[in-house]
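This report covers the strands, the nonpolar core, the aromatic pairs and the salt bridges of one model. Please keep the structure open while reading.

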Amino acid sequence: MTELSGARRLELVIEPRSDDYDAADDRWRAQVGTLHRDLAAQVETFQRSRSELGAKGTVDEVILALGSSGALTAAVECFRAWLQRDKNRSIDVRWDEDGVERHVTFSGDNVDAATVKEIARAAAARVGGLAWSSDTERS
C-alpha cells in the first residue's frame with residue numbers, strides 16, 4: 001500500500017463498546033485488545049491521548065489511518081468479524097470532515113453498506129478516488 005501524507009489519509013477514531021461489560025473489566029479489555037491487534041495486522045494504527053471533560057488525566061484513543069480503499073475494506077472486515085463474535089458489542093467510529101466531527105456506529109451483525117458508505121464517502125473525498133458505488137449491495 002502506498003503511504004499517504006496525513007492530509008491525504010482519513011483518520012478514524014474507534015471506540016469499542018459492550019452492553020455486557022464495564023470498560024474497566026479485564027475480560028472486556030482482553031476482547032478490545034484482540035480487536036486492536038487484528039486491526040493493526042491489517043491497517044496502519046496508532047494511539048493518541050486526549051483530555052476528556054470532567055476526567056482526570058487523558059484517554060487513549062486508537063486511530064486507524066486509511067490511505068486506500070483496500071485499507072477501508074480490511075478495517076470493515078475486521079469490524080465485522082469482531083462484532084459477529086458477540087451481538088452485544090458495538091464500535092463507534094469518529095472522523096473529522098472539513099472541521100466537522102462525523103460519527104457512525106457498527107453494531108452486532110449490522111455492518112451494512114449504508115453505514116460503511118458514510119466512511120467511504122469521506123475517505124474518497126480525503127484520499128481521492130471513486131465514492132462508494134450507489135449500486136453496492138448490502139453485505
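## Hairpin and strand pairing

In the hairpin of strands S4 and S5, with two residues between the strands, aspartate 98 takes a positive phi near 55°. The model is predicted: local features need pLDDT of at least 70, side-chain atom pairs count only at pLDDT 80 or more, and totals for chains, interfaces and linings use all residues. Residues are numbered from 1 along each chain as its sequence is written, and side-chain values use heavy atoms, with hydrogens and water left out.

S4 and S5 run antiparallel and are joined by eight bridges; strands count as paired if DSSP finds at least two bridges between them. Helices (H or I, at least four residues) and strands (E, at least two) are DSSP runs, numbered from the N terminus. Valine 93 has valine 104 in S5 as its bridge partner. S4 also pairs with S1 in the antiparallel sense, over six bridges, and arginine 17 stands opposite serine 90 in S4. Because eight of its nine residues are buried, S4 is largely enclosed by the rest of the structure. Buried means under 20% relative accessible area, exposed over 50%, and partly exposed in between (1.4 Å probe, protein chains only).

## Nonpolar core

The largest nonpolar core has 31 residues, and Ile14, Leu64, Val93, Phe106 and Ile119 have the most contacts inside it. Such a core is a set of buried Ala, Val, Leu, Ile, Met, Phe, Trp, Tyr and Cys residues joined through side-chain atoms within 4.5 Å. At least two core residues come from each of S1 (10–18), H1 (26–42), S3 (58–66), H2, S4 (89–97), S5 (100–107) and H3 (113–127). H2 gives the most, with nine residues.

Phenylalanine 106 is buried, at 0% relative accessibility. Leaving aside neighbours within four places in sequence, its contacts (heavy atoms within 4.5 Å) include Phe79, Val93, Val111 and Ile119.

## Aromatic pairs

The whole structure holds three aromatic pairs. Rings of Phe, Tyr and Trp (its six-membered ring) pair if their centres lie within 6.5 Å; planes under 30 degrees apart count as stacked, over 60 as edge-to-face and the rest as tilted. One of the pairs is tryptophan 28 with tryptophan 82, tilted at 5.7 Å centre to centre and 55° between the planes. Tryptophan 28 lies in H1 and tryptophan 82 in H2, so this pair ties together parts 54 residues apart in sequence. Both tryptophans are buried.

Phenylalanine 79 and phenylalanine 106 form another tilted pair, with 5.2 Å between centres and 50° between planes. This pair links H2 to S5 across 27 residues. Phenylalanine 79 is buried, with a relative accessible area of 1%.

## Salt bridges

A search of the whole structure finds 11 salt bridges, each a side-chain nitrogen of Lys or Arg within 4 Å of a carboxyl oxygen of Asp or Glu. Aspartate 92 bridges to arginine 17, with the closest N and O atoms 2.4 Å apart. The two are 75 residues apart, aspartate 92 in S4 and arginine 17 in S1. Aspartate 92 is buried at 11% relative accessible area, whereas arginine 17 is partly exposed at 39%.

Arginine 94 forms a salt bridge with glutamate 61 at 2.7 Å between the closest N and O atoms. That pair links S4 to S3, 33 residues apart, and both residues are buried. Glu15, Arg17, Glu61, Asp92, Arg94 and Glu101 are linked in a network of salt bridges.
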